[in-house]
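Reader: Could you take me through this model, feature by feature, giving the general idea before the case at hand?

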Amino acid sequence: MTASTLRHSLAICRRNLVHIRNDPEQLLDATVMPIVFTLVFLYVLGGAIGGDHLDYREYLLPGIMVQTASFASTVTGIGLNTDFGQGVMDRFRSLPIARSAVLAGRIGSDVCRLLLGQLVMLAFAFVVGFRVHTGPLEVLGAFALLLLYGTALCWVSAFVGLSVKNAQVVSTVGFLWMIPLQFGSSIFAPPDTMPSWLQAFVAVNPTTLVTDACRGLLVGGPVIGSAAGAIAWSLGLMAVFAPLAVLRYRNRT
């Protein structure tokens, strides 16, 4: 990325962040929704899944933080699609800026939303009694992994948002491809309680790898294998979907 492209990306990122500041309801999916899921799974379903909601709390909360990254990433595609519908992209096209800067700026602002959501989620986790059993470096490592995976999902969402013409369809498609990644993973329940055919999918699901790595970094346990797999998946998704999203943006504009 050249210096001018970086400067343009930061300018567009700032533009999107100003919109969020003026319309804070855009933060609900990254802040309030994960809290609702935590309350439902911890206090309504926790006893049935984990036997004791206090023990289940240590298992659930790192997974909810991964789910927060998934929720936050869906906004990327919706935002890009909405900008096309409102004619914003026509104005961007008339400016002497790199096409990739528009996408990079959008994803940059969404990663900022993702980071805010993770901070809110961790603070809420402390409120309900969750405690970190590792050190500051491990916590930073968990946040870095969450941001990396969230960025990868943002690129996937960007491609989806640029491939359909209706924001409502983007939301529906985003919901459909997120459900298997979230519920077919170790976020809510241990994989060994699932059918053998589902365990095979759960084992290679990137959401499982990120969840297991974050769980190890925050409450202790094996990290290296799952973290390596999570990083490989994240970089692989970006390597595939970032060029596809840029190409789709160029063809659409």
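Predicted model: local features only at pLDDT ≥ 70, side-chain atom pairs only at ≥ 80, totals over all residues.

Reader: How should I read a salt bridge, and which residues are linked in a network of salt bridges?

Author: In general, side chains of opposite charge can pair when their charged atoms come close. Here the network links Arg106, Asp110 and Arg113. The side chain of aspartate 110 meets that of arginine 106 at 4.0 Å, N to O, and it also meets the side chain of arginine 113 at 4.0 Å, N to O. Aspartate 110 and arginine 106 are about one helical turn apart, because four residues separate them in helix H6; aspartate 110 and arginine 113, three residues apart in helix H6, are likewise separated by about one helical turn.

Reader: Are aspartate 110 and arginine 113 buried or exposed?

Author: The cut-off needed here is that buried means under 20% relative accessible area. Aspartate 110, at 0%, is therefore buried, and arginine 113, at 2%, counts as buried too. Arginine 106 is also buried.

Reader: Turning to the largest pocket, how much space lies in it, and which residues are closest to its centre?

Author: The largest pocket holds about 580 Å³ of space. Of the 29 residues that line this pocket, the closest to its centre are Asp29, Thr74, Val75, Ile78 and Arg113. The elements that give two or more residues to the lining are helix H1 (3-22), helix H2 (28-44), helix H4 (53-85), helix H6 (99-127) and helix H8 (167-183), and the largest share, eight residues, comes from H4. By class, the lining has 11 nonpolar, 12 polar and six charged residues.

Reader: Which element gives the most to the nonpolar patch?

Author: That element is H2, with eight residues. The patch, a nonpolar part of the surface of about 810 Å², includes Leu28, Val32, Met33 and Val40. Valine 40 has its place in helix H2 and counts as partly exposed, at 34% relative accessibility.

Key
Residues numbered from 1 in each chain as written. Heavy atoms only, no water. 1 Å grid on protein atoms, 1.4 Å probe; cavity = no way out; pocket = protein on both sides within 12 Å on 5 of 7 lines; lining within 4 Å. Points joined across faces, edges and corners; volume = space filled by probe spheres on them. Nonpolar A, V, L, I, M, F, W, Y, C, P; charged D, E, K, R; others polar. Patch = residues over 30% accessible without salt bridge, like charges linked within 9 Å, V, L, I, M, F, W, Y side chains within 5 Å. Areas by Shrake-Rupley, 256 points an atom, 1.4 Å probe, with all protein chains shown as cover. Buried < 20%, exposed > 50% of the residue type's maximum accessible area, 1.4 Å probe, protein only.
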